[in-house]
Amino acid sequence: MITFNISQWRAWAPGLHTPADWRAWADGETVSPGDSQVPDVSFLPALQRRRLSPLARMAFAVGWPLAEGYESLPLVYVSRHGETPRTFSILNDLAQGEPLSPTQFSLSVHNAVIGLWSILRGQSCEMTALAAADDGFEHGLVEAAGLLHEGAPAVLLIVAEELPPAAYAPWISDVPLSYALGLLLTPGKQWQLDLTPGSEAVPGNLPHALSWLRALLTDQSRLTHPGKQRSWNWQRLA
């Protein structure tokens, strides 16, 4: 069992940019995606923005405002599938016998986002990139809780997934839309998370991060996310 506080949160998806948008979504309202399919990262200089993929832009859009005011803020970044569009483009080039771009390859690896984050924010504190199964969100929280236990005053958790190319549809079914969620975690007992054997809960139709956000916005105090052989049990204590 671990406990922690969630001091602030931010989320982004096409058509869902503000807390009011997300509350409407949580209440079941239909939200039009609109024209903005890529988040606004105008807080970065244009030359720096050019290096960011849509996935990286989502991570920066939700994480950067939460990190303001911290000279050193550990980061846990979670993405199960990572840069699938960029990787797919690289594989297409390879299949056609075209030369591969070293820059494209270096930005396709799983820890590229935290590398860019470290460079652009000028920070060299603890940063971790995780790829887990359906419960990567909870694995990221366990990692962040460990950093809090070791004395970090706050930890930034970012979960981000980009809608993969259509060719991946037979194998990737857990990304219904591009999304990113950022949480600023601090020590405390606002939330409790524990892991129990078995998986009695019925899997939902949302990724765990978005399922948790909906529960938060609809004032649910308890939530269970099933894994393959275990269940993650959320409880809001305060």
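Predicted model: local features only at pLDDT ≥ 70, side-chain atom pairs only at ≥ 80, totals over all residues.
Nine nonpolar, two polar and two charged residues make up the lining of the second largest pocket.

**Second largest pocket**
- The lining of the second largest pocket has 13 residues, and those closest to the centre are Arg-10, Ala-11, His-17, Ala-61 and Val-62.
- At least two lining residues come from each of β1 (2–12), α1 (19–26) and α3 (54–67).
- Strand β1 contributes the most to this lining, with four residues.

**Largest pocket**
- Two or more lining residues come from each of α7 (136–149), β4 (155–161), α8 (208–217) and β6 (222–226).
- The lining of the largest pocket comprises 15 nonpolar, 10 polar and eight charged residues.

**Cavity**
- Searching the whole structure gives one cavity of 30 Å³ or more.
- The largest cavity is lined by Leu-55, Tyr-77, Gly-82, Glu-83, Val-109, His-110, Ala-112 and Val-113.
- Five nonpolar residues, two polar residues and one charged residue form the lining of the largest cavity.

Terms used:
Residues numbered from 1 in each chain as written. Heavy atoms only, no water. Nonpolar A, V, L, I, M, F, W, Y, C, P; charged D, E, K, R; others polar. 1 Å grid on protein atoms, 1.4 Å probe; cavity = no way out; pocket = protein on both sides within 12 Å on 5 of 7 lines; lining within 4 Å. Points joined across faces, edges and corners; volume = space filled by probe spheres on them.
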